[in-house]
Amino acid sequence: MVNVEESRVRGTEYQVNGVGVAFSDGIVTGREVLTHSGNVPASEFQLILVRNGRTHLIGTDDEVDLDKEHGGMFRAFPSDRNYGFTVDEVAQTWGAVDMEVDEFLRIWPPRVGHHWVLERDDEPDTVLMTGGILSFGPEGVEDVVSRKDAHPETVIVTVVTTAGTYPAEGAKRYPTSTRIGDVLVEAARKLDIRDSSTWIVTVAGRDVNPAFTFSQAHLTGNIALEWGPREGGGGA
């Protein structure tokens, strides 16, 4: 085990925003981490230590033992505030209002046979998927929970449009008895789509009747509803 004095003599390299930064001391302050990694002035940044599925806000005067925190990484954000949320009821913090789902999944890989989901009142579960974005704003993500991926009477749905993708975090889980048109109505409301009267919906290049349920349309598993004007045609 490396003691403090040895650590100070030989120095340590640690990841900051994905780049290895060499520190002459193994014991560093938050200000030293930010300054040595080019994130200056340090007072205008939020510094987060990520290790073993936990995130910690590091103040500019806080000391970090890099040997003790071996295997972790720092994330620095040009921001004047941090955002709190929970992962399976464990409090976490982040330095920006948005977080890529890909980064979330690197920090918190899902267990085999499970998905990370957002549970909201009166809404289907939102399943986190690669390519999505988590928002920690006023009406954004507060709690992320692990749920078994064992729902034979449901489908996992993403709506892809020229106005954006719904939901932003990944996909919604719906009963197979849900009418496809009802999902499109919700997507239009969230994406502020005003006129879709000439739009069509397709799955893997095949036209789908929005009056059908997912079961009636013989759609199962993970489904991407592509919704917009037909190629070569008009539309809003």
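# Exercises on a predicted model

Leu 134 sits in strand β13; here strands are DSSP runs of E with at least two residues, helices are runs of H or I with at least four, and both are numbered from the N terminus. The model is predicted, so local features need pLDDT of at least 70 and side-chain atom pairs pLDDT 80 or more, while totals for chains, interfaces and linings use all residues. Residue numbers run from 1 along each chain as its sequence is written, and side-chain values use heavy atoms, with hydrogens and water left out.

**Exercise 1.** Work out whether Leu 134 is buried or exposed, and what distance separates its C-alpha atom from that of Pro 167.

*Solution.* 
- Start with accessibility: Leu 134 has a relative accessible area of 0%, so it is buried (under 20% is buried, over 50% exposed, in between partly exposed, with a 1.4 Å probe and protein chains only).
- Now go to Pro 167, 33 residues away along the chain: the two C-alpha atoms are 10.0 Å apart.
- Pro 167 is in the loop between β16 and β17 (170–175), and its peptide bond with Tyr 166 is cis, with omega about -10°.
- There's a cis bond between Val 40 and Pro 41 too, at an omega of about -5°. Pro 41 falls in the loop between α2 (30–36) and β4 (45–51).

**Exercise 2.** Find which domains and which elements supply the lining of the largest pocket.

*Solution.* 
- First get the volume, which is about 370 Å³. A pocket is an open set of points on a 1 Å grid over the protein atoms alone, with protein on both sides within 12 Å along at least five of seven lines, and its lining residues have an atom within 4 Å of a point. Points are joined across faces, edges and corners, and the volume is the space filled by probe spheres set on them.
- Next, the lining of the largest pocket: it has 16 residues, and Arg 120, Glu 139, Ala 168, Glu 169 and Lys 190 are the closest to the centre.
- Then the elements: β13 (133–135), β16 (164–166) and α4 (180–191) each give two or more residues to this lining. Of the elements, β13 gives the most, three residues.
- Last, the domains (bounds from an automatic or database assignment): the chain splits into domain 1 (11–80), domain 2 (82–150) and domain 3 (151–231). Domains 2 and 3 each put at least three residues into the lining of the largest pocket.

**Exercise 3.** Now identify which element gives the largest share of the lining of the second largest pocket.

*Solution.* 
- This pocket holds about 240 Å³ of space.
- Among its lining residues are Val 160, Thr 202, Trp 227 and Arg 230.
- The elements with two or more lining residues here are β15 (154–161), β18 (199–203) and β20 (222–229).
- The biggest share belongs to β20, with four residues.

**Exercise 4.** Classify the aromatic pair of Tyr 14 and Phe 74, then that of Trp 199 and Trp 227.

*Solution.* 
- The structure has eight aromatic pairs (Phe, Tyr or six-membered Trp rings with centres within 6.5 Å; planes under 30 degrees apart are stacked, over 60 edge-to-face, the rest tilted).
- Tyr 14 and Phe 74 are 5.0 Å apart centre to centre with 55° between planes, a tilted pair. Tyr 14 is in β1 (residues 12–16) and Phe 74 in β7 (residues 73–78), so the pair ties together parts 60 residues apart in sequence.
- Both partners are buried: Tyr 14 has 5% relative accessibility and Phe 74 has 0%.
- Trp 199 and Trp 227 come out edge-to-face, at 5.1 Å and 80°. They link β18 and β20, 28 residues apart, and both are buried.
- Elsewhere, ring pairs join Phe 85, Phe 104, Trp 108, Trp 116 and Phe 136 into a cluster.

**Exercise 5.** Determine which element contributes the largest share of the largest nonpolar core.

*Solution.* 
- The core has 22 residues, with Phe 214 and Leu 225 making the most contacts inside it (a core is a set of buried Ala, Val, Leu, Ile, Met, Phe, Trp, Tyr and Cys joined through side-chain atoms within 4.5 Å).
- β15, α4, β18 and β20 each give two or more residues to this core.
- α4 takes the largest share, six residues.

**Exercise 6.** Say where Glu 89 and Ala 204 lie.

*Solution.* 
- Glu 89 is in the loop between β8 (83–87) and β9 (90–94). Its phi is positive, near 70°, and at 75% relative accessibility it is exposed.
- Ala 204 is in the loop between β18 and β19 (206–207). Its phi is about 55°, positive although Ala 204 is not a glycine, and with a relative accessible area of 76% it is exposed.

Conventions. 1 Å grid on protein atoms, 1.4 Å probe; cavity = no way out; pocket = protein on both sides within 12 Å on 5 of 7 lines; lining within 4 Å.
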